[in-house]
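Here's a quick tour of the charged side-chain contacts in this one.

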Amino acid sequence: MPVWIDLFRFCEEGRSQDGECLVRDLPRLGGETAELSAPVRWQAAGRIETLAGVYDEQGAPRRRRALYLAAQTQLTRDCDRCGQPMQVPVDLRSRLEVFDTEDEADAAAMEAADDEFDPIVGARKFDLLAQVEEEILLELPAGVTHEVCPQPVASSSTAPQRVAGQATADAAPQEAPVAGDGRTVRPFAQLDALLKAGAAQTGRKSKK
Ligand SMILES: [Zn+2]
């Protein structure tokens, strides 16, 4: 069930939209969890931002189309250590910059001048929900383990090693501090937390 928007207008007109679906409505995400009836709540906001101190070749301040996405859900995945199912909370916050063409997006990704924003290609008919799904999938850890497994694993040592980069069930979502860059206006109260968190995000390095 796609959620179609004109992404360029969505940004230019500073629109916001939110919704709720089930994991089963997102087929690729459904492949990552055993519980398909879990709700997925999502929020999106578009805006045009003028970058302080950055100018194009004509000397005009550079502007970007920004798409802010947030999503919350709970996935059920098997622990890599004991094999028992565990709840993995998902609390997504993404900052994306919308480009006209694949070439422009690729160039932006190569430059990595602003790695707080991941480049995407916009469209007049753009599936917002598919992008939310994509962002969740990109943020998912490759594997998960219980902080303390419910049942001891016979073969493991008494002090199990946590594999670097893996998430734990009770790891609290990180609350990033606000970056006081002064260029954010906040027209959407409900996305205030998203914008604050996003402002300090460093972004993914390996989008492609
Ligand atoms: Zn376990």
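## Salt bridges across the chain

Start with Glu-32 and Arg-77, whose side chains form a salt bridge with an N to O distance of 3.4 Å. This pair links distant parts of the chain: Glu-32 is in the loop between helix 2 and strand 3 (39-55), Arg-77 is in strand 4 (residues 61-78), and the two are 45 residues apart. Glu-32 is partly exposed at 32% relative accessibility, while Arg-77 counts as buried at 12%. Keep in mind that this is a predicted model.

Next up is Asp-6, which makes a salt bridge with Arg-124, with 3.1 Å between the closest N and O atoms. Asp-6 sits in the loop between strand 1 (4-5) and helix 1 (7-12), and Arg-124 in the loop between strand 6 (118-121) and strand 7 (126-127), so this contact ties together parts that are 118 residues apart in sequence. Asp-6 comes out as buried, at 19% relative accessibility; the cut-off for that label is under 20%. Arg-124, on the other hand, is exposed at 52%.

Then there's Glu-134 with Arg-28, another salt bridge, at 3.1 Å from N to O. Glu-134 belongs to helix 4 (residues 128-139) and Arg-28 to helix 2 (residues 27-30), so the pair ties together parts 106 residues apart in sequence. Both ends are partly exposed: Glu-134 at 28% and Arg-28 at 44%.

Here are the pairs side by side.

| Pair | N to O distance |
|---|---|
| Glu-32 and Arg-77 | 3.4 Å |
| Asp-6 and Arg-124 | 3.1 Å |
| Glu-134 and Arg-28 | 3.1 Å |

How many salt bridges are there? The count comes to 12. Elsewhere, Arg-9, Glu-13 and Arg-15 are joined in a salt-bridge network.

Conventions:
Residues numbered from 1 in each chain as written. Predicted model: local features only at pLDDT ≥ 70, side-chain atom pairs only at ≥ 80, totals over all residues. Heavy atoms only, no water. Salt bridge = Lys/Arg side-chain N within 4 Å of Asp/Glu carboxyl O. Helix = DSSP H or I, 4+ residues; strand = E, 2+ residues; numbered from the N terminus. Buried < 20%, exposed > 50% of the residue type's maximum accessible area, 1.4 Å probe, protein only.
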